[in-house]
Amino acid sequence: MSAVTATSPVASGTAAGELKVSYKTPITLGIFALLGVILLVVFGRNGTSVFNFTASNAGAIQLPVVSMPGHLTGVVIAILGVLLALGSGLMARFQRRTPLWYITIFAVVLVTGFLVWASTGIPHELHVTGLLVGALGLSAPLIFGSLGGVLSERVGVTNIAIEGQLLAGAFVSAVTATITHSIIAGILAAAVAGVLVSFVLAVFAIKYVVNQVIIGVVLNTLVAGLTTFLYQQVLLNNIGALNNPPVLKQLPIPGLSVIPIIGPLLFDQNVIVYFMYVAVAGVTIGLFRTRWGLRLRAVGEHPQAADTVGINVGRTRFWNVALAGAIVGVGGSYFTLGNIGPFGANMTNGAGYIALAAVIFGGWHPIRATLASLLFGFATNLGSVLGSIQSPVPNDFLLMLPYVVTIFAVAGFVGRVRGPAAAGRPYIKS
Amino acid sequence: MSAELPATVPIAETATKLADPKFDLTGGEAPPEPPAPRAIVALREALNGSVVLTILAVFVALVVGAILIASTNTDVQTAAGYFLARPGDTLAAIWQSVAGAYIAIFRGGVYDFTASNFGTGIASILNSLGFATPLIAAGLGIAVGFRSGVFNIGGTGMILVAAACAGWVGFAVSLPPGIHMIVAVLAGLVGGGFWAFLVGFLKARTGAHEVIVTIMLNYIALYLIDYLLNSPVLRDPSSNAPVSPSEKPTAVFFHLLGPSYSLNFGFILVIGATIFCWWLLGRSSLGFKFRAVGENPRAARVAGIHLNRMYIYVMVISGVLVGFAGVYQVLGQITTGFDRGIDAGIGFTAITVALLGRSRPWGVFAAGILFGILQAGSYTMQADQGVNVNVLPVIQSVIVLFLAAPPLVRAIFRLPDPDRRRARAMSKKAVVAK
């Protein structure tokens, strides 16, 4: 049986009975390893690459500055990548799925190789911790957005309106925090704003059975128009009184925040990021370990069955979409209160769509969607960092990466992604 | 049979609602077991409201716009401060702000009655037709998709790619007048069609959902154009900003009514496109297959229609039409060189146009002209009355929201529900059939 699989990997999984492991993951890893070999060995660049691991706000512990010979390091990393891809192939040969942590290690290795390649021969040193901190900052709203997306799609309502919810959260939190001088009020108001957008989505999708994609797109246009209108018409004339919110301070967690690299990255952040950790854990546990999550998933997968056992499909959908809106709304407040302060027109700049991409690339799973958001945030930040250090890679292509990866994911090249069965389909009780 | 499945009643309901009997391809058949064409049923809901509902939706949206305009007006706010003492002042201020804004839209979009002569006054509506041209073209493209059950959210990407292709031919190639324009237009249409083909191909070959793919391709196109505008391919070497060079005069759409009016040949082409869509959807066998796929893909497949091939055809035709909007942007609207903002939001506005026009070619044409008028008028409104143009997307999206939910509009205006009696009769019949 396994010989058949080895000769025709495409046909694997179609055979009934025995559980087949697809060769898609090893093949994908192999392609990336090959790309790594081409880039790092064939087009290897001579010179040295200097990595600086010390964070700008690090206290006592100073880390050494590592300088590596560009080409040699590249060759080593390329070999490592090929070995890891072969390892994945071996796992598939022995009917084992390549685990997520293995793919993560592979990605980290290749990204390191790419970083070394891109930073070889540049006159500056590459501040690795700064790069990662920036990446987490860009990822935070994406993670909130993708958590909201996962929740509402798992309950069966397609949420294209993540962008609108983020933007509404950003706008309302900035204005509320300015008026009340309270950051907490701002964050709560952001959650309320997200819920309001969700209410419109839920009412139109569930009660009026309007196509959810249309409602999502229209809501994004509506929120973008409304916030831009109010910004241009009202906020710009009263910046001091309406659009001058306080910015959240970093809250280093004692003890943990002095750990090199990880400390400044994870434990020297603001409240919204800490809340994000809680939200990721909460959604994951809630979705897969509680009665609430089971009902939620049942409604999203087979509403008729859920209805038959007494779950109120409409109500479950309505309130979970509202909850999703609250989470995304808090993510929106990160743009203003957690980052720069004042609201700017269209400041989310498509983050909602990247979050949607992360939901799909993450296979509608909160942890995977979070990892996808981190990857996309990292790619975006890498784009801007490499753009500023005159690296040979055009940053437009790095900015493109999340979208290309997502298309590959939905096209089935990177494993199979399958959404909740009833997502996007209204349920009408007979 | 159909009475046993809970999900089937609304399908039958909407099927009976269809005005055109030959449109009702699947009415008599038993609907598929899982409620697959749900999205299409919902879309049909959005597309089959009556003219009255459309007018009421526009009215509600204008009221919402009026509330926004009045509440952000500083005169109104000042007068509201002493509302209890002199309520008349507040009402007068509200009236002035709202009437001023909407009169400005009329002056800028339809006819400027303050102009000294008829020739200057009529320039407004001609200007509006210029703004309407790309909206109609892109709206037609989206509508063809809607009628075939394909959601093309990727107007932005197709417009950008088409604009880049047409724009490049327009400034980089030297050809005799006329031929140059034709080649540039064709290049743009091929670009838009290719970008859409990617979507159709992925949907047909791998089942990738077109909504996701088109959204992602929007951003890929944006960054691709951004990269090209920063590279020697598209960038004007004499400019500091990432902007392309000016189009050569041989490629630009010629003015129809002389240089003093902005209306150009592109409008004639878009009328042609509307006639083409009317013929395609209403008279051609390919269009019949498109509609069949849109109504019920399973039934269409059983009837021998090659679904995957249809998805590719639909997307390519949709992309060519949307691409024309991009072509018009560089050859008709902004001929002095384009930047990454050449799309100007048309890609998303076109979705609203298609919905407002209920995906009928001439409906889209009318909706496009309405939105063109609003757009041209909104610039006058901003200049004259200081009301920001961004009130326009609010009005547009509220129109679509209400259009999409006829029960909501009926509830607001206390209109009777024409379906209720029929639905009750149907359910009674179903019970009897059981």
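1. Some ground rules to begin. Because the model is predicted, local features need pLDDT of at least 70 and side-chain atom pairs count only at pLDDT 80 or more, while totals for chains, interfaces and linings use all residues. Residues are numbered from 1 along each chain as its sequence is written, chains are lettered from A in the order in which they are written, and side-chain values use heavy atoms, with hydrogens and water left out.

2. Let's look at the rings. Over all chains there are 28 aromatic pairs (rings of Phe, Tyr and Trp, the last by its six-membered ring, with centres within 6.5 Å; planes under 30 degrees apart are stacked, over 60 edge-to-face, and the rest tilted). One of them joins A:F144 and A:F275, a stacked pair with 6.0 Å from centre to centre and 15° between the planes. This pair links distant parts of the chain, 131 residues apart: A:F144 lies in helix 5 (residues 128-154) of chain A and A:F275 in helix 11 (residues 271-289) of chain A. Helices here are DSSP runs (H or I, at least four residues), numbered from the N terminus.

3. (Buried means under 20% relative accessible area, exposed over 50%, and partly exposed in between, with a 1.4 Å probe and protein chains only.)

4. B:F267 counts as buried at 10% relative accessibility, and B:F365 counts as buried at 14%.

5. Rings also connect across chain letters: ring pairs link A:Y353, A:Y403, B:Y219, B:Y223 and B:F348 into a cluster.

6. Now for the interface. The contact (heavy atoms within 4.5 Å) takes 43 residues from chain A and 46 residues from chain B. Together the chains bury about 4300 Å², 79% of it on carbon and sulfur atoms; buried area is the accessible area (1.4 Å probe) that two parts lose on being put together, summed over both.

7. How many salt bridges cross the interface of chain A and chain B? The rule finds zero, where a salt bridge needs a side-chain nitrogen of Lys or Arg within 4 Å of a carboxyl oxygen of Asp or Glu. On the side of chain A that touches chain B, helix 8 of chain A gives the most, with 14 residues.

How values were computed:
Helices (H or I, at least four residues) and strands (E, at least two) are DSSP runs, numbered from the N terminus.
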